[in-house]
Amino acid sequence: VLHCDPHPGNLLRTTDGKLCILDWGLVTTISPDLQLTLIEHVAHLTAEDYAKVPNDLVRLGFVPEGGETDIESSGVVDYLTFVYSTWNSGGGASKLDVPALLARVQELTAETENGLFQIPPYFAYVAKSFSVLEGIGLSSDPDYSIVQETLPYISRRIMSDPSPRTAGALETFVFGDVKDDRTARVLSPKRVETLLQGARKYAAATAAVDGADPTLLQPLDTEAAADALLDTLQTPSPLQALVVEQLTLVLAASSRQLWSRLRDASPRVELAGGEDRSLLGLLVDPLGLFRASRLVENDERDHKALEAARRLVEAASSLVGGAPADATAGPDGEGAANAEAAALARALVRKAWERREHIPAISRLFLVEALDQTAARLGRGR
C-alpha cells in the first residue's frame with residue numbers, strides 16, 4: 001500500500017507502534033514485481049551500473065518494450081543520472097530547477113521517436129508521496145535527502161529477501177557493473193560499509209518503534225558483530241552465498257601471500273646448473289612443479305580482494321566498538337583497526353565453538369566454494 005499524501009493529519013502512530021491511516025482518499029498499491037524493479041533500479045543507479053538503466057526504464061513503464069536502444073541514444077539515462085545524484089545529495093527540490101526539470105522531461109518525451117519516453121500513471125503517486133515526506137524532512141533539516149532515507153529499508157530488504165531478483169540487486173550494489181563476472185568481481189568496501197550502515201539504521205529505527213534500547217544507534221560490540229556474521233553463515237540466503245564467496249577468496253589469497261613471504265624469507269639454495277631456489281620451496285616442491293602455478297601465486301583479483309579486506313577491517317572500527325583504541329595506533333588508525341579485527345576474531349572463534357554443531361555444514365559451503373574457485377583459477381591459466 002502506498003499512501004500518496006502522508007502528512008501528519010492523515011496518519012497516526014498508535015501506542016503499540018503501528019501505523020494507522022486516517023484518510024484513505026489518496027492511496028494506491030504497488031505490486032510486488034514493481035517493488036522489486038524499483039529496488040533493482042536504485043541499486044543500478046547507486047552502483048553506477050548505467051548499462052542496466054534502459055532495461056529498468058522498460059520494466060518500470062517509462063519506455064515501451066523494445067525501446068531500450070533508442071533510449072540509450074536519447075540522453076534520457078544521462079539526465080536521470082544527473083537528477084538522481086543531485087537529489088541524493090540532499091536539500092530536496094531547492095537544489096533542482098523544477099520548472100527546467102519538467103521542461104526537459106517534456107523535451108525528452110517529444111524528442112524520442114513516437115514519444116518513446118513516457119511517465120507511467122503510478123509514478124505521479126510515488127512522486128507525490130515522496131514530495132510530502134521530503135517537505136516534512138526539510139522543515140527540520142535543510143540537507144534532508146528522501147533518497148538517502150530509503151537506504152536503510154533497501155539495505156535491509158536486499159540483505160534478507162531470498163528472491164533471486166533481490167539477490168541480483170545485492171550483487172549489483174556491492175560489486176557494481178562486474179557483478180556477472182564471478183572470476184573477477186571483488187567487494188567494494190565503500191558500498192559494503194554503506195549497506196551495513198543502512199541496515200543498522202533500519203534496525204535502530206524499528207527498535208525505537210518497539211520501545212527498545214536506543215543505544216542500538218551506537219557502534220556494535222564485537223559479540224554482536226560475531227553473532228551477526230555466524231547467523232549469516234548459518235542461514236541460506238543470497239547474503240550467505242556472497243559472504244562465503246568473498247571470504248573464501250580472501251582466505252585463499254591470504255594463504256598464498258603468507259606462503260610467498262615465507263618462501264622469500266627462506267635461505268636460498270644453489271642447485272646444479274646454477275639454478276637458485278628457496279630452501280622451503282625445495283622441501284615442499286622438490287620438482288618445482290608449482291613454482292609458477294596459479295595455485296600458489298596471487299593474481300590481480302587476489303590483490304584487489306586483500307586490499308578490499310584491509311579497507312573493510314578499517315571501516316569496521318567505526319561499526320564495531322568492542323576493542324579499545326590501541327595506544328600504538330598510527331595517525332591512520334591502523335593499530336585500532338587491527339585491535340578491532342583481533343577482538344572480532346577472538347569472539348568468532350569462541351562463538352563458533354559454542355555453535356560447533358553447525359561447523360560441518362558451514363565447512364562444506366567453504367569447501368565447495370574453494371573447489372569452484374580453484375577450478376576457475378586453473379581454467380584461466382590454460
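**Aromatic rings.** I looked up aromatic pairs in this predicted model and found one (rings of Phe, Tyr and the six-membered ring of Trp pair if their centres lie within 6.5 Å). The ring centres of Phe 62 and Phe 123 are 5.1 Å apart and the planes stand at 75 degrees, so I record the pair as edge-to-face (planes over 60 degrees apart; under 30 is stacked, the rest tilted). Helices are DSSP runs of H or I with at least four residues, numbered from the N terminus.

**Accessibility.** Phe 62 is buried at 8% relative accessible area, whereas Phe 123 is partly exposed at 31%. Buried means under 20%, exposed over 50% and partly exposed in between, with a 1.4 Å probe and protein chains only.

**Conventions.** I note that residues are numbered from 1 along each chain as its sequence is written. Local features need pLDDT of at least 70, side-chain atom pairs count only at pLDDT 80 or more, totals for chains, interfaces and linings use all residues, and side-chain values use heavy atoms, without hydrogens and water.

**Glu 193.** I located Glu 193 in helix H9 (residues 189-209). Glu 193 is partly exposed, at 26% relative accessibility. Its C-alpha atom is separated by 9.5 Å from that of Val 174, 19 residues away along the chain.

**Arg 356.** I found the charged end of Arg 356 over the ring of Trp 353, 4.3 Å from the ring centre (the criterion is NZ of Lys or CZ of Arg within 6 Å of the centre and within 35 degrees of the ring normal).

Terms used: Helices (H or I, at least four residues) and strands (E, at least two) are DSSP runs, numbered from the N terminus.
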